[in-house]
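Q: I have a new model open and would like to learn how to read its packing. Could we go through it together, feature by feature?

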Amino acid sequence: MELIIHFISSLILGGVLYPFFGLSAFIVIIGGFIVDVDHYLLYIYQFRSLEVKKALVYFREYFDKHYKGKSPFFIFHSIEFLLLLVLVSFYSEYVFLLTLGIILHYSLDFLYEMKLAGHLIKNWSLIMWLREQIIKNVK
């Protein structure tokens with residue numbers, strides 16, 4: 001999904017939450033937009049390159065045209081990460097707002113992947129991803 005869609009959606013959610021949380025409501029932008037930094041971290045790891053523009057092009061091409069059933073893992077796009085944030089959300093309003101942004105982000109990614117491929121492209125669970133890696137290595 002295009003970053004601008006995540007940004008605008010998060011900005012809108014922040015605006016909706018503003019009457020209830022004040023300026024803190026815009027923390028949802030961090031959760032809804034910046035969470036994609038895990039894509040960049042994977043790009044750095046795979047290609048040993050810090051070029052942001054090339055990383056953006058790579059992931060646009062990768063997910064839109066060339067994913068071919070490959071299942072990358074993005075740490076900030078996992079159920080385990082979300083569960084951790086939900087637990088901490090009970091103790092921190094800021095983490096609660098961050099979590100709302102991430103849930104919005106996940107929802108948009110989910111809809112995008114289903115529309116694009118008819119199924120989820122990313123691995124949404126660290127446990128399941130590790131299981132797949134073990135099975136691949138055993139074969």
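This is a predicted model: local features need pLDDT of at least 70, side-chain atom pairs count only at pLDDT 80 or more; totals for chains, interfaces and linings use all residues.

Q: Which helix holds His6?

A: His6 is found in helix α1, which spans residues 3–21.

Q: Which residues surround His6, leaving aside its neighbours within four places in sequence?

A: With those neighbours set aside, His6 is in contact with Met1, Gly32, Phe33, Asp36, His105, Leu108 and Asp109.

Q: What joins the side chains of His6 and His105?

A: The two side chains are joined by a polar contact of 3.1 Å.

Q: Now for whole helices. How is a packed pair described?

A: Two numbers do the work: the angle between the two axes and the distance between them. Take α1 and α6 here: their axes are 10 Å apart and the packing angle is about 145 degrees. The crossing of this pair is right-handed.

Q: Which residues of α1 and α6 make that contact?

A: From α1 come Ile5, His6, Ser9, Ser10, Leu13, Leu17 and Phe21. The α6 side supplies Glu93, Phe96, Leu97, Leu100, Leu104, His105, Leu108 and Asp109. By type, the residues of the α1 contact with α6 are nine nonpolar, four polar and two charged.

Q: How do α5 and α6 pack?

A: Helix α5 (residues 79–89) and helix α6 (residues 93–117) have axes 8 Å apart and pack at about 150 degrees. Angles over 145 count as roughly antiparallel, so that is the term for α5 relative to α6. The crossing of α5 past α6 is left-handed.

Q: Let us zoom in on Phe81 of α5. Which residues does Phe81 touch, not counting those up to four places away in sequence?

A: Phe81 touches Ile75, Phe76, Ile102 and Tyr106 on that count.

Q: How far apart are the C-alpha atoms of Phe81 and Thr99?

A: They are separated by 9.9 Å, and the two residues lie 18 residues apart along the chain.

Conventions: Residues are numbered from 1 along each chain as its sequence is written. Side-chain values use heavy atoms; hydrogens and water are left out. Axes are lines fitted to C-alpha atoms, for helices over the stretch in contact, and angles run from 0 to 180 degrees between N-to-C directions. Helices (H or I, at least four residues) and strands (E, at least two) are DSSP runs, numbered from the N terminus. Angles under 35 degrees count as roughly parallel, over 145 as roughly antiparallel, 65 to 115 as roughly perpendicular and the rest as oblique. A crossing is left-handed if the near helix is turned anticlockwise from the far one by less than a right angle, and right-handed if clockwise. A polar contact is a pair of N or O atoms within 3.5 Å; within protein, one must be able to donate a hydrogen and the other to accept it, and residues adjacent in sequence count only if both atoms are side-chain atoms. Contact means heavy atoms within 4.5 Å. Ala, Val, Leu, Ile, Met, Phe, Trp, Tyr, Cys and Pro count as nonpolar, Asp, Glu, Lys and Arg as charged, and the others, Gly among them, as polar.
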